[in-house]
Every structure is written in structure tokens, then in C-alpha cells.
Amino acid sequence: MDTLEAIRTRRSVRNFTADPVSAEDLQDLLQAGMQAPSAKNEQPWHFIVIDDMEVLHAIPEFHPHAKMLLEAPLAILVCSDRKLEVKRASWLQDCSAATENILLAAHAKGLGGVWLGIFPDSDRVFGMQSLLGMPKDIRPVALVAIGHPASRPEPVDRFDKTRVHHNQW
């Protein structure tokens, strides 16, 4: 699948089979995340792979939109390390780019995924930090549920030329 096809056909997948994600596929997703662009090449990210079912099943207790984790075989938590954030305003964009790379890589490999926002919701941030015993300098940003799709939503063309402006409003 070429890049434009992946971008145009990727959809959020919220239903998964029980099939595990291979170690090779997981490695490819993590490498894709770390290939994301990063302001001043800070690369402030850390990734926590969650494949313990007890941990995955605890997340919907504090994240109301995470019910799919009851089916997903794994999730990747994208975090920012405050000690690596030299240019304070860029960590959120850097981690968001890493998250999108993971989603596109999952789609390209035939896997499904969905982006679950963590930051800036304080209940979700605290919930993840507490559940995973995270150091205080590590900020959870986004959680990506990943697995083999039980169903795959049809692609939708979201292009809207009325939202495009050239040189001025």
C-alpha cells in the first residue's frame, strides 16, 4: 500500500479479533512512531506497550471512550519526557506526529487502530500515570488501541475544497 492510499483509506477501528499482534508488527509500529518529525529533533517521546489484559481492562474505568480495550490485544501509550523537552511548545505536536505514524503503519500492515486521547484530560493523565507507575517527568499524551480488525469501516472522502484558502483568507 502506498502512502497516499494509506492516508486516504485509514479509519479508526474499534472492534478487534482475539488474534495477537506479532512481535515483528509491534516492532514496525514502534519504529514508525520514532520516525516521526520532531521540532529541533528533540524526540521527546517514550512508548509504553500494554499487552497485559488486566491493565488494558482497567483503562476504561477512568477513560470513558476506551471500551474497545476490552477486545484489543494491545495498546501503545505515547508519552512525552519533560526532561527531553527543550522547546516546550513542541512536545504535543511531536507526540501527535508519532501517534499518527503508528496508526498509518498499523493500517499499512493490515492491522486496525484507534487514537484515544489522554492529554489534556487530567483524569485520564492521572489514571494512566497511576495505573502504569509512571515517573513524574513522563506525561502520557495518546493511547493507540491496536489489533486485527473484526470489522473495518469503509473509507470516507473528507476533502472539502471550501476549507482551502490560497495566500489569504
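Colleague: In which part of the chain is S38 found?

Modeller: Please keep in mind throughout that this is a predicted model. Helix α2 covers residues 23-34 and strand β1 covers residues 45-50. S38 is found in the loop between α2 and β1.

Colleague: Does S38 count as buried or exposed?

Modeller: A residue is called buried when its relative accessible area is under 20%. The relative accessibility of S38 is 17%, and therefore S38 counts as buried.

Colleague: Which residue has its backbone nitrogen 3.2 Å from a polar atom of the side chain of S38?

Modeller: Leaving aside neighbours within four places in sequence, S38 is in contact with Q43, P44, W45 and D94. The backbone nitrogen that lies 3.2 Å from a polar atom of the S38 side chain belongs to E42.

Colleague: Turning to strand β2, how many of its residues are buried?

Modeller: Strand β2 runs over residues 74-81 and is mostly covered. On one side L74, I76, V78 and S80 are buried, and on the other A75, L77, C79 and D81 are buried as well, which leaves both faces covered. The number of buried residues in β2 is eight of eight.

Colleague: How many bridges join β2 to β4?

Modeller: β2 pairs with β1 in the antiparallel sense over six bridges, and there A75 is the bridge partner of I50. With β4, residues 138-147, β2 also runs antiparallel, and L74 has I146 as its bridge partner. The number of bridges that join β2 to β4 is eight.

Colleague: What is the relative accessibility of I76?

Modeller: I76 is found in strand β2, and, not counting residues up to four places away in sequence, I76 touches a set of residues including L26, F47, I102 and V144. The C-alpha atom of I76 is separated by 6.7 Å from that of A145, although the two residues are 69 residues apart along the chain. I76 counts as buried because its relative accessibility is 0%.

Colleague: Finally, how many residues of the lining of the largest pocket are charged?

Modeller: The largest pocket has a volume of about 200 Å³, and its lining is made up of I7, R8, R10, R11, E100, L104, V156, D157 and R158. The lining divides into three nonpolar residues and no polar ones, while the number of charged residues is six.

Note on methods: Residues numbered from 1 in each chain as written. Predicted model: local features only at pLDDT ≥ 70, side-chain atom pairs only at ≥ 80, totals over all residues. Heavy atoms only, no water. Helix = DSSP H or I, 4+ residues; strand = E, 2+ residues; numbered from the N terminus. Buried < 20%, exposed > 50% of the residue type's maximum accessible area, 1.4 Å probe, protein only. Polar contact = N/O pair within 3.5 Å; in protein donor to acceptor, adjacent residues only side chain to side chain. Contact = heavy atoms within 4.5 Å. 1 Å grid on protein atoms, 1.4 Å probe; cavity = no way out; pocket = protein on both sides within 12 Å on 5 of 7 lines; lining within 4 Å. Points joined across faces, edges and corners; volume = space filled by probe spheres on them. Nonpolar A, V, L, I, M, F, W, Y, C, P; charged D, E, K, R; others polar. Pairing = 2+ DSSP bridges.
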